[in-house]
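Let's walk through this one together, chain by chain, and then look at where the parts meet. Keep the viewer open as you read.

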Amino acid sequence: MATSTTAPGAARPDRRDARAGTPEPARRRRPRRPLLPYLLLVPAIVLELAVHVVPMAVGAWMSLLELTQFHIRDWSTAPFIGLDNYRATLDIHTAAGRELLHSFWVTLAYTLLSVGLAWLLGMAGAVVLQRPFRGRAVLRALFLTPYALPVYTAVITWSFLLQRDTGLVNHVLVDQLGLLDDRPFWLIGGNSFWSLLVVSVWRNWPFAFLCLMAGLQNVPDELYEASAIDGAGFWRRLRSVTLPLLRPVNLVLLLVLFLWTFNDFNTPYVLFGGSAPEQADLISIHIYRSSFKTWDFGSGSAMSVALLLFLLVVSAGYLLITNRRRDHA
Amino acid sequence: MRETAGERWGRRIVLTLLALFVVIPLYVMVTSAAKPLQDVQNGFTWWPSRPTLQPFVDMWSTVPLARYLVNSLVVSSIAAVCSVAVAIFAAFAVSRYRFRGRGVFSVTVLSTQMFPGILFLLPLFLIYVNLGNTTGIELYASRLGLVITYLTFSLPFSIWMLVGYFDSIPRGLDEAAQVDGAGPLRTLFQVILPAAVPGVVAVTVYAFMTAWGEVLFASVMTDEGSRTLAVGLQGYSTQFNVYWNQVMAASLVVSVPVVAGFLALQRYFVAGLTAGAVK
């Protein structure tokens, strides 16, 4: 944090300064505008409350109601049914529970593969663009383009590539290379999972690339020089210099990518036109479809809350483990 | 430090593969936008049999693209400007003041960014519908509702990036202004903001892109009159036909401005990310 660079006695109330042994100026200034920072935050807080916090609380409440199509127009009439929605949707002995569990496993596999591949490509791109060479700026701009595209145009373009009869993928695989005899379907059936994965990696790897590139800018050249003089080859330098120095970036990047990918709605929604095949039924799509198909918002909310709890537990566990490792190191 | 031959070839191969992976879909988008309809109906062609700009003309009449475009422009611009205005004040408070709840605020705001959108969708949908029924404030299926929703989507990251920029502006400048008798708001507007213009522009573009590309809420919270591009572009597939050449032409037209804006400002995004990652 940049606060430590402030001279003691700067014209802002700063508890750290007070602790640093020069309490006089800080204490004298404090009563001047004690409310100002809060006033500055009011618009942001109001909006966050209105669109995120309150709806989240309402969502938790909705998950305890029998909020079916009969009660949506006037939700005050919806009866309170306690945890029945959770029992109905999370019980793996029912059809709904089995479908949700299936969707969970599909989402988990999709997320782990997509994040892993996006990170790998981002890392490769950042490392090969680390040193200056002619054309580097052009390539960097090119690599960032998939991330800059609006998600729906990127995914629509991919769905054109993946069309069975008019797409590039089958044209190359079947007509030009002759690898396959039949034209496979890429957007329905078992292949749809892999299509979804490729599209998501194409779209997300530039974000990993951007973050890792930013992280690499902080790695001093002298470290590479020194390790090269010590006789370290490319992989050794990657393992002993680059990766340890990128650790802080990676910790955040992997968690953010995990959460974004796990919650991904846009890619499957646009790629499959609103109805994901069973093999690519990601959890966001699953909740969306089951909520708006049956207009049962109560059980939809129950699934959303369960999803949130799962993500909170995973994130907390991740942060605990990575922090503990750092303390031991 | 000299590069070995193996490293040089490795670098070339990796660059080629990555570039091909990125370029092929972009190439198809651009070339297909210039194809006559029969080129995209009967199999795939690498190059238009007869390059034409007709798709760029026809795309406006197949679906009401102009209306979607205006809706997206209005919603995204207003959301971006409001989001940045709100973020500037919040970032100023977080960067320049130490107050109780500062840490809680930063963590809470950032963590909402990580929550599943579907979690807010159902309650917000009901809140907007019921609010319209009881008070007559039409947020459901209106552009106002979309503006309010989208501006909070970009808010967390905008605040985070702006705090990074503001932190990098020397506090000596603030102090000099205060010695001259400027209050906090004048310091913000006359000292800090002018020094942070690139950051503010980058954050505005980011907020615009967020609203421009949002799909989930657009698919539920809009009707035919307020529909944005995110949903509207899917209208090119009819029961009998998908006008892929027009879809690609429309995709190209709605992508070029945001891609150009992003690429022009990319080094500021990198700077913002670095500033954030150092924390």
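**A walk through two chains**

Start with chain B, whose secondary structure comes to 14 helices and zero strands. Read from the N terminus, its elements run α-α-α-α-α-α-α-α-α-α-α-α-α-α. Bear in mind that what you're looking at is a predicted model. Taken along the principal axes, the C-alpha atoms of chain B fill a box of roughly 70 × 70 × 35 Å. Of the 279 residues in chain B, 49% are buried. Take the contacts within chain B between residues at least 6 apart in sequence: 75% of them join residues at least 24 apart.

Now turn to chain A. Here, too, the count is 14 helices and zero strands, and from the N terminus on the order is α-α-α-α-α-α-α-α-α-α-α-α-α-α. Chain A has 329 residues, and 39% of them are buried. As for its contacts between residues at least 6 apart in sequence, 61% link residues at least 24 apart.

Residues 141-163 of chain A are 83% helix and 0% strand, with the end C-alpha atoms 28 Å apart. Residues 183-202 of chain A come out at 60% helix and 0% strand, and there the end C-alpha atoms lie 23 Å apart.

Next, zoom in on a helix pair. Two packed helices are described by the angle between their axes and the distance between the axes. In chain A, helix 6 (residues 136-148) packs against helix 9 (residues 191-216) at an angle of about 125°, with the axes 7 Å apart. Because of that angle, helix 6 of chain A counts as oblique to helix 9 of chain A. Their crossing is left-handed. Which residues do the meeting? From helix 6 of chain A come A:Phe143, A:Leu144, A:Pro146 and A:Tyr147, and they meet A:Trp202, A:Arg203, A:Pro206, A:Phe207, A:Phe209 and A:Leu210 of helix 9 of chain A. By type, this contact has nine nonpolar residues, no polar ones and one charged.

Finally, step back to see how the chains meet. Here 81 residues of chain B are in contact with 88 residues of chain A. On the chain B side, helix 1 (residues 5-32) gives the most, with 13 residues. That side of chain B divides into 55 nonpolar, 17 polar and nine charged residues.

Note on methods: Residues are numbered from 1 along each chain as its sequence is written. Chains are lettered from A and ligands numbered from 1 in the order in which they are written. This is a predicted model: local features need pLDDT of at least 70, side-chain atom pairs count only at pLDDT 80 or more; totals for chains, interfaces and linings use all residues. Two residues are in contact if their C-beta atoms, placed from the backbone, lie within 7 Å. Helices (H or I, at least four residues) and strands (E, at least two) are DSSP runs, numbered from the N terminus. Ala, Val, Leu, Ile, Met, Phe, Trp, Tyr, Cys and Pro count as nonpolar, Asp, Glu, Lys and Arg as charged, and the others, Gly among them, as polar. Axes are lines fitted to C-alpha atoms, for helices over the stretch in contact, and angles run from 0 to 180 degrees between N-to-C directions. Angles under 35 degrees count as roughly parallel, over 145 as roughly antiparallel, 65 to 115 as roughly perpendicular and the rest as oblique. A crossing is left-handed if the near helix is turned anticlockwise from the far one by less than a right angle, and right-handed if clockwise. A residue is buried if 20 or more other C-beta atoms lie within 10 Å of its own, exposed if 12 or fewer, and partly exposed in between; C-beta atoms are placed from the backbone.
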